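Okay, thanks for coming, everyone.

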Amino acid sequence: MLTILYRGPLASCDYDCAYCPFAKRRDTPEQLRADRAALERFTAWAAAQDEELSILFTPWGEGLVRSWYRRALVELSWLPHVAKVAIQTNLSCRTEWLAEASERAALWVTYHPTQVPYERFLAKVRSLPVRHSVGIVGDPAHLPHARRLRADLPPETYLWVNAEEGRLYTDDEAAEWTAIDPLFPYSRFPHASAGLPCRTGDTVISVYGDGTVRRCHFIPEVLGNLYDGSYRAARRPRPCPATACDCHIGYVHLESLGLYDVFAGGILERIPHAWGTPPAARSHPTATPAPQHPCSSSGEPAPGPLR
Ligand code: SF4
Ligand code: SF4
């Protein structure tokens, strides 16, 4: 199976998060047309493949307020060779259209407490007809919101916590977040990755709107292009060339962490395998704290939204 992280030119968002360079950014009509055309080209390519695909849309901004992302999610979810199609979203969009998607559609939802009334967000999550995880950025100001959300979400809904960019957590602070998300230790520190085997560039690729293929969103080297097929010859196992990897959509593919087992069945939408079982039968996976690394940079070419 080939896993694809797709990111088109869309860079606008309807939210205004203080920690995001894409807050309230607007795309011009031309940029939106280009994003739509790029996504439709990608979905047509995906539909024509023989290989089994797993797709995660990772837009810089918010995709689901645009009809073409909603349509892509629904249509791709029904293709027999698409094992999973998921998208990172702030869930500001209407959600009734999700009833048209198959059970292979999924959402990676982020709660931004300053941007949406709590009750409205909670009600929307509770009504979702597709698989989903919900997450929050580990800003100390978010802690009461995260606790409240954990208490109010159904126990079978996984609530993840992303370490805030550049923040060092004391052990006591980390313990507070770990009480909400037992897997927070994976996010707390960047993961030393230099020379370690990572599935990206082989069974996982990153695709941009023009078809440019890289191994992941964080390594600028180009492997080829999706649409002329030139990326195929470059697919092979290879070690990570970066010092560290600090973003879940990257390090989940780092073989040494074993996260394909932890997230089996929910790698793209970030749902641990244990959350797929009834709470009574669940034994929570225990995260092994990652070794602390002095470098917090993953070599990402441009700042991204905190999902
Ligand atoms: S963090 Fe996400 S929701 Fe918030 S402004 Fe950025 S893209 Fe929008
Ligand atoms: S930066 Fe992360 S995702 Fe990219 S190759 Fe290294 S470990 Fe893999």
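So, Cys198 is found in strand E8, residues 197-198. When I say strand or helix, I mean a DSSP run, E of at least two residues for strands, H or I of at least four for helices, numbered from the N terminus. Before I go on: this is a predicted model, so local features need pLDDT of at least 70 and side-chain atom pairs count only at pLDDT 80 or more, while totals for chains, interfaces and linings use all residues. Residues are numbered from 1 along each chain as its sequence is written, and chains are lettered from A and ligands numbered from 1 in the order in which they are written.

Is Cys198 buried or exposed? It counts as buried, because it has 27 C-beta neighbours inside 10 Å. The cut-offs are 20 or more other C-beta atoms within 10 Å for buried, 12 or fewer for exposed, and partly exposed in between, with C-beta atoms placed from the backbone. Leaving aside residues up to four places away in sequence, Cys198 touches Ser193, Cys240, His253, Leu254 and Glu255; touching means C-beta atoms, placed from the backbone, within 7 Å. Ser256 is 58 residues from Cys198 in sequence, yet the two C-alpha atoms are 8.0 Å apart.

Cys198 also turns up around ligand 2, where it is one of the closest residues, along with Cys216, Cys240, Cys245 and Gly250. The whole shell is 15 residues, counting those whose C-beta atom, placed from the backbone, lies within 6 Å. By class that is nine nonpolar, five polar and one charged. Here Ala, Val, Leu, Ile, Met, Phe, Trp, Tyr, Cys and Pro are nonpolar, Asp, Glu, Lys and Arg are charged, and the others, Gly among them, are polar.

Cys245 leads us to the largest nonpolar core, which has 75 residues. Cys245, Ile55, Leu73, Ala86 and Ile87 touch the most other members. A core here is a set of buried Ala, Val, Leu, Ile, Met, Phe, Trp, Tyr and Cys residues joined through C-beta atoms within 7 Å. Strand E4, residues 105-110, supplies the largest share, five residues. There's also a second, separate core of six residues, including Leu10, Cys20, Phe22 and Trp60.

Now the sheet. Nine strands make an open sheet with mixed pairing, ordered E6-E5-E4-E3-E2-E1-E9-E10-E11; two strands pair if DSSP finds at least two bridges between them. Which strands stand at the edges? Those are E6 (159-162) and E11 (222-225), each with a single partner strand, so one side of each has no neighbour in the sheet.

Strand E1, residues 2-7, pairs in the parallel sense with E9, residues 204-208, over five bridges, and Arg7 stands opposite Tyr208 in E9. E1 also pairs with E2 in the parallel sense over five bridges, with Tyr6 opposite Phe57 in E2. E2, residues 53-57, is mostly covered, with four of its five residues buried.

Lys24, in the loop between E1 and helix H1 (29-47), has a positive phi of about 50° although it isn't a glycine. Arg270, in the segment after helix H8 (259-262), has a positive phi too, near 65°. Lys24 counts as exposed because it has 12 C-beta neighbours inside 10 Å, whereas Arg270 counts as buried because it has 28.

Notes:
Contact = placed C-beta atoms within 7 Å.
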